[in-house]
Structures are given as C-alpha cells and as structure tokens.
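Hi,

Here is the structure I said I would pass on. Have a look at it first, then read my notes below.

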Amino acid sequence: MASNIFTAAITGMNAAQYGITTTEHNISNASTPGFSRQQVLLAPNIAQQFGSGFVGQGVDVTGVRRIYDQFLTTQVLQEQTQASYLNSYHTSIAQIDNLLSEPVAGVSTTMQGFFDAMNGVANNPESVPSRQTLLGNAQATVNRFQSLDQQLTNIANGLTGQISASVKDINTYAKQIAALNVSIKRFTAGGQGQLPNDLLDQRDQLINQLNQQIKTTVLQQSDGSASVFIGSGQPLVIGDQAMSLQMVNSASDPSKTDIAYVAGGRTVTLQQSSLQGGNLGAFLSFRDQSLEPARNALGRLALGLATSINQQNQLGQDLNGALGRDLFRTAAPVVAQGAKNTGTAAVSAAITSVGNLTASDYQLKFDGTNYSMVRLSDNNVTNLGATLPQTIDGFTVNITAGAVAGDTFLIKPTANGARDIALLTTDPAKVAAGAPMRADAALTNLGAATISSGVVNSPPSAIPDPAHPLTDLNLRQPVSITFNNPPTSYNVTGTGTGNPTNVPYTPGSDISYNGWTVQVTGTPASGDVFNVASNVNGVGDNRNALLLAGMQTQNLMANGTANFGEIFSQLVGDVGAKTHELDVTSQAQNNIVIQTVAAQQAVSGVNLDEEAANLIRYQNAYQASAKAMQIANSMFAALLAINP
C-alpha cells in the first residue's frame with residue numbers, strides 16, 4: 001500500500017510540474033501574435049485491485065493541447081482579408097480624391113480662368129493684352145491637365161511597386177508555410193498522436209499574414225499539413241511544395257502588369273478579377289476600377305475642351321485677317337495589339353466626336369469573319385460586321401489586311417488626352433475672335449428688311465486640308481442676295497456651286513451658302529440687295545470670341561448632356577463617392593474584425609488572471625503531493641523501525 005502512496009504522490013507532483021510549466025509557457029507568450037493558450041490533459045492511472053476494492057495509483061499526463069476553434073479561426077481569416085482589401089483600396093483612392101478635390105489644384109479653377117479671359121477678348125477683341133491674358137490662362141489650363149495626369153501616373157507607378165511587394169510577400173509566406181508543413185508532418189508522425197502546438201500556431205499566423213495579402217482557402221490534411229489555395233482554386237501550398245506568383249506584362253495592355261501563376265516550370269497568367277481580397281486584390285481593383293478610369297475621364301475632358309475650342313477657332317478670323325487654326329494639340333487614341341495575335345493586321349483609331357466619347361477602354365475582336373467591340377467599363381459588346389472602318393462612341397476604328405481569327409486589339413481613346421494636351425501658339429494674334437465673313441444691306445435698298453451678321457456653320461464640313469481647314473468651303477467668296485419683283489423670292493450669285501434663282505423667301509429662315517448662315521427678316525423691296533463678303537479689317541469683330549466664351553456652358557460632352565465643368569465635377573463626385581463608401585465600409589469591417597478576433601481570443605487567447613490562478617492551483621497541488629510523499633516516507637520509516 002505504501003508503494004501506491006509513493007506512486008500517486010510522484011505522479012501528482014509530475015502532473016503539477018507539467019501544469020506549472022504549461023501555465024508559465026502561456027504567460028510568457030501572452031503577447032505573442034497567433035499564440036493559442038495550451039492546457040495539460042490529465043487522466044487517472046489504472047487503479048490496482050485489492051481484496052477490499054480498487055485503489056488509485058495517481059494521475060497520468062496524457063498530453064498538452066492548444067485551445068483552438070477552427071470555425072472562429074476561419075471566420076477571422078475571412079474578415080481580415082476583407083478588411084485588408086477595403087483598407088488598402090481606401091488608402092489608395094484617397095490619393096486621387098485629395099488630388100482632384102483640391103480647389104486650388106483642380107482643373108475647374110484654371111478652366112474658369114480661361115473662359116473669363118475669353119470673355120475679356122470678346123469685350124475687347126482688338127486688345128493684344130487681353131489676348132495675351134487668354135493665352136496665359138490657356139497655358140495654365142494645359143499645365144494643370146498635364147500636372148494632374150503626371151500625378152496620376154506617379155500613383156500608378158507607385159502602385160506597381162506595391163503590387164510587386166505584395167507578390168514577394170505572398171511567395172515568402174508560401175515557402176515558410178511549406179517548410180512548417182514538413183516539420184509538422186514529421187513531429188505529428190513521431191509524436192504518437194501528440195501535436196506540435198507551437199508549430200501549428202506559427203503556421204496559422206503565417207496563413208493569417210498571407211490572407212491579408214490575398215484571399216486564401218485552407219484545407220487541413222490528415223497528416224497534419226495544410227493546403228492553401230488562391231484565386232479560382234490554384235494551389236499555392238501543397239504539402240512541402242510551394243508554388244509562386246510572378247508579375248508579367250499584360251497580354252492585352254502593354255502599359256500594365258498582370259499576375260501570373262508559376263508551377264512546375266510553367267507560367268500561366270491568372271484571371272486578374274479572380275485574385276480577390278487582401279492587399280493584392282485591392283491594388284488590382286483600384287488600378288482597374290478607379291485609377292485608370294479617372295485618368296481616362298481626365299483625358300476625355302482635356303480632349304473635349306481642346307477639340308471643341310480648336311473647331312470653333314477654325315471657324316473664326318484672327319487678328320491678322322487669316323482663318324483660325326488649332327490653339328491646342330490633341331492626343332490620338334492609344335492602340336495596342338494583343339500579345340497573342342498571330343495575324344499581321346494593324347489597327348488605327350481617330351476621334352470623330354468628342355461629345356460622344358466615354359472614359360472607357362475598348363477591345364476590338366476578330367472571329368475570322370466579323371469584328372466586335374467590347375467596351376471594357378461595362379463589357380457591352382457592339383457587333384461591327386465584317387468590314388471596317390466603323391464608328392462607335394465618338395471614335396472611328398480602321399484595320400489593315402491580315403487579321404486572323406482570335407486577334408484582339410486594345411483601344412484607349414482618351415488615355416493620353418491630359419498628358420499630351422499642349423498650347424500650339426504663343427502669338428496672341430492667332431486667337432480667332434472675329435467671324436471671317438460679314439453681311440450687310442446695300443445702301444440703295446428701299447425695303448424694311450434687315451440681314452443678320454451671320455455665323456459660320458459649325459461643326460465644319462469635310463476638312464481636306466488640316467493646315468487650311470476652311471479653304472475649300474469658299475467661306476470668303478462674295479455672295480449677293482437680290483430680291484425679285486415681286487420680292488417673294490430672290491436670286492443668289494457667287495455661291496461657287498451654281499447661282500440659285502427664284503428661291504422662295506420666308507422671313508427669318510436660314511440662308512446658307514459656302515459654309516455660313518444668315519437670316520433676312522422684315523419686308524424687302526424689289527431689287528433690294530444683301531451682300532455676304534469677307535470680313536476685311538474686322539479687328540473689332542467679337543462674334544467668334546462670343547461663341548468661344550459661350551462654350552463654357554454648352555452641353556458639348558457626354559452625348560450633349562454635360563458641359564466641361566459638369567464633366568470634371570462628375571469625375572470628382574464619382575471618386576469622392578467611392579472614397580466615402582470605402583471609408584464607411586472599411587471602418588465597419590474593422591469593427592467586425594475586432595469583434596471576431598475578440599470572440600476567437602476569448603477561446604484561444606491567454607488570460608493572465610486565469611493563468612495566475614492556475615499557477616497557485618498547480619503550486620498547491622505540487623505541495624500537497626509533496627506532503628503525501630513525505631507522509632509515505634514517514635510510514636515507510638516507521639515500518640522499518642518496527643522490523644529492524
């Protein structure tokens with residue numbers, strides 16, 4: 001019986017010692033990220049049978065387990081990857097929001113200054129200082145567009161670095177998880193059912209960090225290893241094998257990099273939209289859904305402003321009496337061939353109507369017979385038929401021979417609009433403030449009819465010679481309108497395309513020849529003559545300047561639904577709304593993460609008060625077992641004394 005007391009006391013001391021060691025291990029790692037508290041597992045030793053019954057033989061330490069809840073851990077991973085995604089997206093888009101919403105740095109201020117200066121020219125068209133002020137404000141507007149585009153480009157370049165860093169982190173975590181899988185498998189196989197708790201915690205922490213970079217799916221294997229999957233099911237870690245990600249040039253857009261999957265010596269570009277969650281998913285979403293559309297929208301505004309001003313300036317007459325020319329340089333659409341094209345065809349594109357442009361990029365596809373155009377912002381598909389050129393959304397696309405089935409071409413109509421805008425002249429005389437023609441009534445007229453000052457038709461018709469855009473319109477060829485007897489009709493001479501006769505007269509109706517339009521109103525007399533001729537010495541004419549200034553409030557953009565200021569306000573509003581949305585959702589998601597982690601830590605976390613109580617409990621148990629050992633020793637000594 002004394003041996004039973006010794007056995008029970010020794011096992012009790014041993015169990016208490018294990019308890020103290022485990023408790024101290026918990027206390028030491030209370031602040032260690034990813035640590036799960038551990039607990040000693042005890043079971044009674046098999047009792048020994050005596051005649052009077054079974055007598056216990058102490059306690060057995062059956063293992064040390066970590067307090068772990070797979071469901072809560074998975075939930076933490078899910079919430080944290082979404083929180084990382086939202087936080088990174090919000091941080092990134094806030095850069096654009098701050099850039100565009102700054103009143104001093106925005107485009108709206110300089111555009112307002114430009115049109116104010118244009119009104120100044122309209123008020124005093126012969127004033128050279130007023131014209132110089134206009135060109136100064138035009139240059140300031142150009143500089144602002146270029147500056148904003150450069151800053152957006154800088155954000156894009158920095159984003160590429162962030163994507164690269166995220167890819168490197170993912171690859172590093174994958175290798176570390178695979179290495180831990182090896183150790184965990186070995187210790188699990190040799191541990192007789194016991195698990196390497198600390199290694200499991202380390203692996204879970206690495207998976208947690210990986211999950212903050214990219215959304216993962218984790219499957220626990222029976223041998224103790226963990227398999228990690230990303231994207232649309234691509235395995236990143238299988239046992240001791242770690243695959244990797246790699247940045248590659250985009251097959252559809254040479255200006256971008258895509259993420260590729262590397263396994264078994266093969267590199268396969270992934271569907272970028274499948275890389276969801278985490279920092280990497282946020283960076284890709286921000287680039288494709290916010291950054292590039294913002295730059296395209298800014299380019300569309302720059303193209304719209306520059307092209308519209310150019311077209312109207314071409315319809316006027318400058319201070320030297322010459323027909324107006326372009327004031328701004330405009331960007332051509334960007335066209336890129338698909339990297340997998342096998343044909344020899346080349347695609348070209350040209351802006352035909354800035355009012356119909358969108359802020360989207362496009363992909364032209366050829367199926368061997370027909371062409372189709374995909375608007376990438378909403379994946380809307382337009383079938384173009386078997387022949388090109390075709391016009392869609394304000395630009396015309398053409399192609400040379402040599403296309404084969406499967407060839408694709410990326411078209412970015414507005415991408416470089418803000419980057420490439422430039423002022424083409426520093427000569428204030430080149431501002432075409434006046435109209436190149438004027439209309440008047442002959443001094444000998446006897447009737448009460450009057451003729452309007454006339455306007456040049458806009459937009460101009462076919463322009464065969466860009467250097468002399470209105471030469472072929474015969475705009476300055478003198479035209480005479482002579483009323484017949486009775487004055488219910490008139491004859492026209494000098495049209496350049498024949499001399500119409502007996503044209504019915506309707507007071508106030510349009511009379512259009514040679515690229516201009518006038519109206520004759522009132523009651524003419526027989527023989528009254530109205531002349532339309534070149535505006536010689538028209539330095540004080542402000543008709544075209546008024547039209548240029550009025551373009552500020554005209555709905556020339558977005559299919560005739562918005563003016564220049566509204567287009568920029570829409571861009572600022574869209575970015576601001578998305579920024580606010582992400583601000584709210586990221587804060588809400590962070591609160592969810594806090595609550596989820598708290599629930600997980602309530603199970604797995606170390607409570608120092610509880611551990612302190614456990615120390616006292618195990619200390620008392622150890623002392624009690626030691627006292628039992630002392631008593632057993634005294635009993636044994638007494639027996640020896642009785643039987644010397």
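Predicted model: local features only at pLDDT ≥ 70, side-chain atom pairs only at ≥ 80, totals over all residues.

P486 sits in the loop between β25 (479–483) and β26 (489–493), where helices (H or I, at least four residues) and strands (E, at least two) are DSSP runs, numbered from the N terminus.

Residues are numbered from 1 along each chain as its sequence is written, and side-chain values use heavy atoms, with hydrogens and water left out.

Most residues other than glycine have a negative phi, and most peptide bonds are trans. N379 is not a glycine, yet its phi is positive, about 60°. You'll find N379 in the loop between β16 (371–375) and β17. Its relative accessibility is 54%, so N379 counts as exposed (exposed is over 50% relative accessible area, buried under 20%, partly exposed in between, with a 1.4 Å probe and protein chains only). N502 is a non-glycine with a positive phi too, of about 55°. N502 lies in the loop between β26 and β27 (503–504), and at 52% relative accessibility N502 counts as exposed.

On to the helices. How far apart are the end C-alpha atoms of α5? They are 25 Å apart, which agrees with the 24 Å that the 17 residues of α5 (residues 197–213) should span at 1.5 Å a residue; the expected span is 1.5 Å times one less than the number of residues. 12 of those 17 residues are buried, so α5 is largely enclosed by the rest of the structure. Among the buried ones are L199, L200, L206, I207 and L210, but also D201, R203 and D204.

Helix α3 (residues 107–123) has 17 residues and reaches 24 Å from its first C-alpha to its last, close to the 24 Å expected. Its buried residues include F114, F115, M118, V121 and A122. What covers the buried residues of α3 includes α4 (128–190), α6 (278–314), β12 (328–329), α8 and α9 (564–604).

Which way does α3 run against α8? The axes of α3 and α8 (residues 543–550) come within 8 Å and cross at roughly 160° (axes are lines fitted to C-alpha atoms, for helices over the stretch in contact, and angles run from 0 to 180 degrees between N-to-C directions). That makes α3 roughly antiparallel to α8; angles over 145 degrees count as roughly antiparallel, under 35 as roughly parallel, 65 to 115 as roughly perpendicular and the rest as oblique. The contact (heavy atoms within 4.5 Å) is made by F115, M118, N119, V121 and A122 of α3 and A545, L546, L548 and A549 of α8.

Last stop: Q587, which lies in helix α9. Q587 is partly exposed, with a relative accessible area of 46%. Its C-alpha is separated by 8.8 Å from that of L86, although Q587 and L86 are 501 residues apart along the chain.
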